[in-house]
Amino acid sequence: YYRPSLTEEYDEDSAGGHSDFFSRLVRDWERAACLPPDVARVVRQVVVRSGVVLGKDGGAMKLMVWPFWLGLGGAIGSGQQAMPWIHVDDLSGILAHALENERVLGVLNGVAPAQNTNGEFARALAQSLSRPSVMPPVPSFVLQTLLGAERAVLLLEGQRVIPRRTLQTGYRYLYPELQAALKSIVS
């Protein structure tokens, strides 16, 4: 939803939904899910915008763990780009929190409060697997060739997404820090 950027910080009130195909796709999904005004007056609506979801049984980890397990994992591009992530238990926890608390409404960012770069993520994942992280970063042009420029930008530039409203609603993260999240997944 938010514009890929190496420097901007986004919270739930930040503008977005217009910068590229993926941001427009999320914007259109959110519009399609909006309740009609007459219903919205009596029914509470919550939208959760999730980051990269980390869990044991699939998702992003399924694709990432094998290269790291083999000692071939490393950062992508510069490694300096933000990588908003969330443990699957926290994503389901935020959804339950929103369902159970009448005062929760509007948009929530379903990302961990820890701000990690792709390089930090790569080092933490290697460490959690007790593997080295010595591979050079995957060059940008390789990702652009494999994924296309528009998809590659999501991985190469990232977004610094802050769960400001999520925290303000009182949600308490089970895995607010990356190392603990990864340990629970790979153990």
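Trainee: Which residues of H6 meet which residues of H7?

Mentor: Keeping in mind that this is a predicted model, the H6 side of the contact is made by Ser140, Leu143, Gln144 and Leu147, and these meet Ala149, Arg151, Ala152, Leu155 and Leu156 in H7. By type, the residues of that contact divide into 6 nonpolar, 2 polar and 1 charged.

Trainee: And what's the angle between the two?

Mentor: Helix H6, residues 140–147, and helix H7, residues 149–157, pack at about 135°, and their axes are 7 Å apart. H6 and H7 therefore count as oblique to each other, since angles have to be over 145 degrees to be called roughly antiparallel. The crossing of H6 past H7 is right-handed.

Trainee: OK, what about H3 and H5, how do they cross?

Mentor: The axes of H3 and H5 come within 10 Å and cross at roughly 70°, which makes H3 roughly perpendicular to H5. The handedness of this crossing is right-handed. On the H3 side the contact is made by Met61, Met64 and Phe68, and on the H5 side by Phe121, Ala122, Leu125 and Ala126.

Trainee: How many of those are nonpolar, polar or charged?

Mentor: For the contact of H3 with H5 the division is 7 nonpolar, no polar and no charged.

Trainee: Switching to the largest nonpolar core, which members touch the most others?

Mentor: That core has 22 residues, and those touching the most other members are Leu54, Met61, Met64, Phe121, Leu125 and Leu182. Helix H3 (59–69), helix H5 (118–128) and helix H9 (178–186) each supply at least two residues of this core.

Trainee: What does Met61 touch, leaving out residues up to four places away in sequence?

Mentor: With those left out, methionine 61 touches Leu54, Gly55, Phe121, Leu125, Leu182, Ile185 and Val186. Apart from the core of 22 residues lies another core, of 8 residues, which includes Ile86, Ile94, Val104 and Tyr173.

Trainee: Last one, where is Glu8, and is it buried or exposed or in between?

Mentor: Glutamate 8 is placed in the segment before strand S1, which covers 9–10. Its relative accessibility is 44%, so glutamate 8 counts as partly exposed, because that class lies between under 20% for buried and over 50% for exposed.

Trainee: How far is it from Gly93?

Mentor: Glutamate 8 and glycine 93 are 85 residues apart in sequence, and their C-alpha atoms are 27 Å apart in space.

Conventions:
Residues are numbered from 1 along each chain as its sequence is written. This is a predicted model: local features need pLDDT of at least 70, side-chain atom pairs count only at pLDDT 80 or more; totals for chains, interfaces and linings use all residues. Side-chain values use heavy atoms; hydrogens and water are left out. A nonpolar core is a set of buried Ala, Val, Leu, Ile, Met, Phe, Trp, Tyr and Cys residues joined through side-chain atoms within 4.5 Å. Buried means under 20% relative accessible area, exposed over 50%, partly exposed in between (1.4 Å probe, protein chains only). Helices (H or I, at least four residues) and strands (E, at least two) are DSSP runs, numbered from the N terminus. Contact means heavy atoms within 4.5 Å. Axes are lines fitted to C-alpha atoms, for helices over the stretch in contact, and angles run from 0 to 180 degrees between N-to-C directions. Angles under 35 degrees count as roughly parallel, over 145 as roughly antiparallel, 65 to 115 as roughly perpendicular and the rest as oblique. A crossing is left-handed if the near helix is turned anticlockwise from the far one by less than a right angle, and right-handed if clockwise. Ala, Val, Leu, Ile, Met, Phe, Trp, Tyr, Cys and Pro count as nonpolar, Asp, Glu, Lys and Arg as charged, and the others, Gly among them, as polar.
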